[in-house]
Structure formats: structure tokens, C-alpha cells
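User: I am new to reading protein models. Can you walk me through this one, feature by feature?

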Amino acid sequence: MTRVDRLRTRLATAGRRLRRIARIARWELGQSTSSYNRRTLAVIAVLVVVVASVGTSAVALGVASPSPNTDIYRVGVADNSPYTAVIDDHASLTARPPDRTALATGEIDLLIGGVRQPTAGPGPRSPTLLVEPADGEKGDAALTAFRSAVQSYNDRAMALEPNRTAAYPVVVELQYIPQSTLGPAAPTNAGNLTGDDTPGDDADSDDGTDTDANDTDTNGTAGNVDGGPASGSGDNTTATDNTDSDAPPVADGGGGSLLDRALFGGGTSGSPAEIQPPFPFGSLLLAFLFLVPMNFVIQSYGSSVLNERISRRGELLLVAPVERLDIVAGKTLPYAAIAVATTAIIAAAIGGSLLSVAAVVPIAMTFLAATFLGAMFARSFKELTFVTITITVFLTSYVFIPSIFTNVTPIALISPLTLVVMELQGEAVTLGSYLFSTGPFYTSTAVLFLLGTGVYREEDMFSQKPVPLKFLDALDARLSGIRSVGVLTALFLPFVFIAELLAIAVLFVLPIEVSIPLILVVIAAVEEVAKSVHVFAGFESDRFDRSVRTALLLGIASGIGFFVAEKFTVVAQLVGLPNLQLGEAALQPAGIGITPSTSLLLLAGPLVLHTVTTGVAALGARKNLWWYLVSLVAATVIHAAYNFGVVTLYG
Amino acid sequence: MIEVSGLRKTYGDFAAVVDSKFEIDRGEIFGVVGPNGAGKTTTLKMLAGLIEPTAGTATVAGYDAGDPEMRHQLGFLPEESPLYEDMTARSYLRFFADLYDVPHEVARDRIESTLDRLDLEYRDRRLGDVSKGMKRKVAIARSLVNDPDVLIYDEPASGLDPLTTNSVLEFTEELREDDKTVIFSAHNLYHVESVCDRVVIMNEGRIIARGSVADIRDQYGDTTYHVYSDTALDGTDPTADGRHRAVVETMAEVEAIQAAATDAGGSVTDIRTDEPSLESIFLELTGQQMPSPRTATDTEPASEPTTDQHEVEDAP
């Protein structure tokens, strides 16, 4: 057979496989949609339309929440008073004719009098509004509500003021500096800014003015309002237009858009009163928007996979001339397509680009892959529910919590959602950052599908083996010889990476003296498990003979596999994670970030370490579970001691 | 067409199949019988490539049983073959025809002719809404959608009513005429006896008897002769109809009774041969009770021998 013939044969085979995958995908889509009958779909559609219509209309009309506080305080105020507009604008206040008798009889709760001008003697130096509350708690509450109404009214009026300098004599601009670049001494310009932002300073200055303002709320505001109460109409969009003038940038500057303010809280420039501490509302919203639909997709996907197993329908596909991988691909394709389409729609809706889609899609794929493996392990729908909830909680936490710290620490980059936040904030995302964030997700997806496909076979699909045994089967299915042990170890690296980064993310809040030793032990344990658990699976399935020689060979193969794959963590350097002290602690024992003079020694060090410790674990694994656990602890202790040594010597 | 040698499957310490060895010719219907847990289904699934043998080899239509190409030559009907209930018979069969790369035109004609042969109605009705017998027929049709040379049927008539059972058994026999090779497993030995050319009996993972039903009968069964005379003789018992019956195991004993009856002035009026059923041989070999009861259509009078009746004139 010539090379051309071989190529032709391969292409024909590939074509047939693709056709079968497409056929299975089409069938799977039909199956999953037919599980919802037309009436159910119609009811869901009607409900969605009704909720959306009512919600939209309510928001548009401003009646989204008919408040029980409406018109509860009756305020006596003259029709020509500038405060009539204030009262009309406030939901809990309602205007009544100013009548002192009514105040005495309780028919009104508050009486707005005239404005007393400042006098030359002691007393207020600004005009003072005379307000008289009714006796009792309701009168006091009415006064408080009125103060709040005046404050809000004035804020709106200031926002409309064309003369920005007059409206905001003091403007501050905040710049959040990542924790890792923040040295012991406050550096340069940024240091001053963050220094200003320290809670103590802020609280002191703000409290001072606020107190004054409160004291003179009913005083000072009168003067301001007198200056230009106008009608108070207009909205915030006018304020945005006003920024075109040469006024100070209230709603301008990086991260200062209305969307950013809505998503990421507070804004970073404007008057002191406008600036609030950043609240991770954006990350929360993104997590909600992107991840919630995925939960529906994985529920449907997991049910489909498990249903094939419980009903034994999948057996007929297994006996058809279709590769297992093709069956899995065909069954997964519709759900993957739905996840990608949903992600794209949401990204477009929030103003994200293709980058946002590319950042979230690997999360969706990991959701599907984890669900697939979970559905292959679960023995009932009850177990599947547990699995999917676990996946949802873990992955949601993994992608959501770090993204809260987008502007604080580079650790946030372990979550691809951080890339979305960065994009929406107008920050550049480098290829290194993208690979760092999404790489573990892509590779984890591949490994999870690989493991799941390994047990997509008669003996595992339709049996009621306990989950741990199925897990061992899944590992064993990917073993063929000693070399395969090393390959599988290398494939586990994404999980090791995820577990270690998660540990760093969780532990970095602790004092450095505690967190570094802790992280070194956790990392040692994670790596030892990753290097030896499949060796144990191979022994348990009698794939390997239980001799000492075989155990040591397996340990060496696994150690080498881990050592080679570990070098890929060099990606971490691209985003500067090792600059963080914890990052150094985590990654430098692997030989990363070491000076050339020591690199040779430390290149050999990890290699010896990994082969020795895995050899120790393998010696226990060849016997039974108990001995495996004992040897695993021993290997972890050796590994942790090595880590301490490296950090002490070179840290 | 099928060659099995040293086939073995173990799960830890448990041996499900131990060193199975047999060959099946083209066009043969081959029965695999045995009690629950005997290793029948495991053997069939190893032949279908669903289960990887621990040791030994199995070739089907010239391919190793694990070779995906072999599946083009195979039709498999598992004991439980739940269908996709939201599909119709036609769409279900077309789906599998696509997976087997059967061209659309060929698939359409083949599906219709198979459904005709199986006398299947309601071809466009949701499979969830049709009877169990209909579902089983659809499953059988699916096993033929790729026109395979080899068919593996595991309990094809399990749980079906007598009428459908007969229909399925007749259809299985017709497959022999199509030159198909069929491996047929059943709990009901009368089904096996009526359909299969050769049989293996399995127990605890091992083949304990093999050959045609007649061979097995000869090898393991004891034929008895019921000799009826109009005269009381030594060793005879009176029957309800006034005759006298002796039960003997050899023809020499029969001849001796004939001679004795003649000497006594009487005659032998009837000789009946009682051949052992596969079930009785099976029970004797395995020392177990068959799990499934006989259905109405299988029922034959067990107490009274009915086969090979001889009038006295024909008696030797």
C-alpha cells in the first residue's frame, strides 16, 4: 500500500468517524429534547416570557418594588418652598399644607419652616432651615427621612452641575495596586494614593466632614438648594455628557465608566462621597451569569450519561462499530455546543469580546468533563446529584473566589473569570495570562474525559461497583506498561497545579510564617498522591506483578513523568506568580526561578526526589491499601522535608 | 465461523468462565445453556467484544472478538435490550443502520423487509407505547440491520408470551436458511432443544457437556422402555386400563418380557420409549433446578412417555 493509499484510507476512516460522531450528536440532541414534552416546554417558554415582560416593565416604570414605606411621613411644607420638590422626590414623604395645629394633633409629622439667615454673633455661619418634628418617635423618624431626602436631592443636583469644580471642589482618584508589587514602604505616586485610601485616614477626614454635614444638613443644604434648586429633574446620563467639558473627571478615567461602577463597585475617581470600597459585585455577577446556565447543561448531560448506564441502553452502542471515544464525543457535542452558545450570548450581552468567550469556554468544558466522569462513577441518580452539586460548588468557588481579587493579587489569574473581569475593566490580557488561567482547565478537561472514556465499557458501565473501585478502574484502564505510568503521572499535573494554586489562594491570607510551612506540606501531599495513586490502581488490578523491582521501576517512571511535566509550570513565570512569596515557596522547590549557578543541582534534586518518594509509595502500594497509605505518608514527609530544605537554603 | 480456545474470564478470585473451547460452523444454530451464573452471558459478551477475556482467544468471522471491524459482521441481542422509547421503530433502526454505515437506500429496504418478516405493526409509533413482544421484535430487527454473518442472541424469547415466543423461535430457525450463524442462549431448554443444532451445557464457568442434542442424550441420558402386556408377569405393575407395565432399560430386557408374555399365553400390546429431555440431563449434570418454568407451548406430558411408540407388531 502506497503512502497515498494509506493517507486516503486514514482520511476515509476519519470521515466515517466524524459522520458517526455527528449522527450520535444528532440523536443525543433529539433524545435530550424529547425528554421534555411539548407542554412542559411551552409552559417554560410562557413563564420566561411573562417573567421577563413583567420584570422589564416593572423596572422601566419604576414600580419594581412597591414599597411599604411609600408616603408614611406627612410633611407640612409650603407649595412655593424649594423643599416641596425634595419631598415629592422621596417615596416615604408626602407633602401637606404647613399647619402648626396639624403638627400638634399629629396630622402631620414634620413642619418645614422658613430659613434663618446667619447672624454676626455666635451660631451657625450658614443659612439654617427651621424644621419642627412632631413629638414622639414618628416625628424623629420623619426628620431623619427628610435629611436623607435632602442629601439625595443635593447629590443629584450636584451631578447636574455644569461647573464641576464648583460642584466637587475636592476630587480624588484611586488606583488599586496589586499586593505583590506593594513593597514594605509605600512607593512613589501610587503609594501616596493608597496611603490616602487607608481606612484610618479616610475615616478621619470623611467622618469630620460628614459630621459637620450632618449637623448642618438641615442648615447647609438649604443654602445649596437656595442657590439653584430648580426642578431637580434630569438624570445621570446628563452628568455623563457633562464630562465632555473641561471639568474634573468625575465619571471618567480607567475603570470609571457607569458599567464598571455598576459591576465593580464604587468607581475609582470622583468626589470622596462618591467613592466606595470596591465590592466584587462584577465577579459575583459574572459567576452567576456564566456559571448558572452551565448547571442546567451539566444536569441534563449527567442524566443522559447515567440513564444510558442504568437502563443498559448504552450496551447497544458499545457493540456497534463505533469507537468509545466517538460515542462520548457524540454524546457530549450537543451539550458543549449549548454551553459555548450560551457563553457567547452572555459575553455579548455584557460587552465582552471573543476573549471572554475563550476564557469561559474551558470552564464549561471542565464542567462537562467532570460531570461525565462523575456520571460514569455514580451508581444512581441520587449519587449523580451529589456529584453534580460537588462539581458545581468546587468549580464555582474555584473560578469565583480568585476573581474577587482581580485588582489585588496575581493569584486571581488562576480563575479564567479574572480574564473576563480584566477585559471588562479595559485591561490588557497577555497570552501568558490566558495560558496560565485556562491551561489547567483545558488539560483537566482532556484528562477527565480520558479517564471517563476508559471506564466507558461494559464491565464498568453496568456494574454497581463502589465509586473508589471505579476510580481505580478508570486509572487502570489507562495503564498498559511501565512507561504508561509516567505518562499518566504527567497528565495529572493540571490537577496538581489546580490543587496547589487553590491551596495558595486559600492559605495566602494567613501570616507568612504559618502559610509557607503549611503550603509546603500540602504541596508535598498533593504531589505524592498524584504520582502514586495510579501505581496503586495498577497493583490492585494485578496489571503489574507485585515484586520490589517492579514497584521501584514504576516509582522511577512516575517520578520522571512528574519531573518532566512539572517543568511546564514555567508558564507561571509568565504572569509573575513566583514574585509572590507564596508562589516562590510553591514553585521554587520544583527548580523554577533558580539562578543558573544552582540550577544544575536543583534540576537533579527534584528528579531524585520524585523518583525516590514515588518509589517509597509504590513499595507500599504493591502490598495493600493500608501499606499504601503508610508509605504515602512516609513519601510526603520526605518530600516536605526536601521542600523545607530548598526554601530555607534558597528562599 | 466462530472459534473459541482457552477462553477465560476472572474477576479477582472469582472465575466467571474457565477455559472454554468450541467451534461453530457457518449456518449453525448453537445453543449455550446453563443455570444462572454459569458463565453463559459472560461468554457471549466476550464473543461480542464487550468484555475483554482474561486469557484465551475468540475469533468471530475471522476477526479477533475485540477488533472493532468484527462488529460489522455481528448482530447482538442482549438479554435486556431496552430501546429508546421516544423513537419509533423505523427511526430507531435507521439510527443503528447509520452507525453501521449502511447506505440509506439499502437500510430502508432491509428494515422494511425485516419488519415484514417479523410481522411488526406500528412502525411509526413511539416505542414506549408498544408491547413487550413488539419491542423484542424491534430489538431482533436491530440485530439484523447490518446484515451480519453472526448473530448472538441471549435469551431472545425471555418474558414473551407463547405466541410471540413461537414467532421468535421460528424466525431464529429461518436464519439458518439465510446461512446465518446463531449463538443462542436460553434458560428454557425446550427452546434450545427445538432450535439448536448443537449445544454446550455450562456450569460454574465450565463446559460440562457438548454436542448435538441427540449426542448429549446418548452420552448422558438413560433411555427407558415402557412395555405393556395383557398378562401379569414378574416385574410388571398393573395400570389403570387393566394392562400390566414393566419399565426396563435395554432392548434385551424388552425381548425377555415379550418372550415371557408369549409363554404365559398373553402378548405385549405396547412398547413406549422414554428418551431423556435436555432438561433432565441438565439437571442431572448440574444437580440444579432450572430457574424458569416451562411455558404452555413447551408443555408436554412428562409423566407418560410419548415418543417412539411401537405397536406390538412392529416390536422387535
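User: Which residues of α5(A) are buried?

Analyst: First, some ground rules. This is a predicted model, where local features need pLDDT of at least 70, side-chain atom pairs count only at pLDDT 80 or more, and totals for chains, interfaces and linings use all residues. Residues are numbered from 1 along each chain as its sequence is written, while chains are lettered from A and ligands numbered from 1 in the order in which they are written.
Now the terms. A residue is buried if 20 or more other C-beta atoms lie within 10 Å of its own, exposed if 12 or fewer, and partly exposed in between, with C-beta atoms placed from the backbone. Helices (H or I, at least four residues) and strands (E, at least two) are DSSP runs, numbered from the N terminus.
An α-helix has 3.6 residues a turn, so residues three or four places apart point the same way. In α5(A), the buried residues are A:Ala142, A:Leu143, A:Ala145, A:Phe146, A:Ala149, A:Val150, A:Tyr153, A:Ala157 and A:Ala159.

User: Which strands does α5 of chain A lie across?

Analyst: Residues are in contact if their C-beta atoms, placed from the backbone, lie within 7 Å. Axes are lines fitted to C-alpha atoms, for helices over the stretch in contact, and angles run from 0 to 180 degrees between N-to-C directions. Helix α5 (residues 137-160) lies across β1, β2, β3 and β4 of chain A, at about 150 degrees to β4(A).

User: What is the strand order in that open sheet of chain A?

Analyst: Strands of a sheet pair through backbone hydrogen bonds, either parallel or antiparallel. Here, two strands pair if DSSP finds at least two bridges between them. The order is β2-β1-β3-β4, with mixed pairing. β2 and β4 of chain A stand at the edges with a single partner strand each, so one side of each has no neighbour in the sheet. From one strand to the next, the twist averages 30 degrees. β1(A) and β2(A) pair in the parallel sense over 4 bridges. In that pairing, A:Gly76 stands opposite A:Arg96.

User: And what is the order in the open sheet of 6 strands in chain B?

Analyst: Read it as β6-β7-β8-β3-β9-β10, again with mixed pairing. The edges are β6 and β10 of chain B; each has a single partner strand, so one side of each is left without a neighbour in the sheet. The twist averages 15 degrees from one strand to the next. Helix α1 (residues 40-47) of chain B lies across β3, β7, β8 and β9 of chain B. Helix α7 (residues 213-220) of chain B packs on the sheet too, touching β9 and β10 of chain B.

User: How does β9(B) pair with β10(B), parallel or antiparallel?

Analyst: They run antiparallel, joined by 6 bridges. With 2 residues between them, β9(B) and β10(B) form a hairpin. B:Val199 stands opposite B:Gly211 in β10(B). β3(B) and β9(B) pair in the parallel sense, over 4 bridges.

User: Which residues touch the most other members of the largest nonpolar core?

Analyst: A nonpolar core is a set of buried Ala, Val, Leu, Ile, Met, Phe, Trp, Tyr and Cys residues joined through C-beta atoms within 7 Å. This one has 186 residues, and A:Leu368, B:Leu47, B:Ile152, B:Ile183 and B:Phe184 touch the most other members. Helix α15 of chain A gives the most to this core, with 16 residues. As for B:Ile152, its contacts beyond four places in sequence include B:Leu44, B:Leu47 and B:Ile183.

User: What phi does A:Asp542 have?

Analyst: Most residues other than glycine have a negative phi, and most peptide bonds are trans. A:Asp542 has a positive phi of about 60 degrees, although it is not a glycine. A:Asp542 lies in the loop between α23 and α24 of chain A. It is exposed, with 12 other C-beta atoms within 10 Å. B:Asp19 has a positive phi as well, of about 45 degrees. B:Asp19 sits in strand β2 (residues 14-24) of chain B and is partly exposed, with 15 other C-beta atoms within 10 Å.

How values were computed
Contact = placed C-beta atoms within 7 Å.
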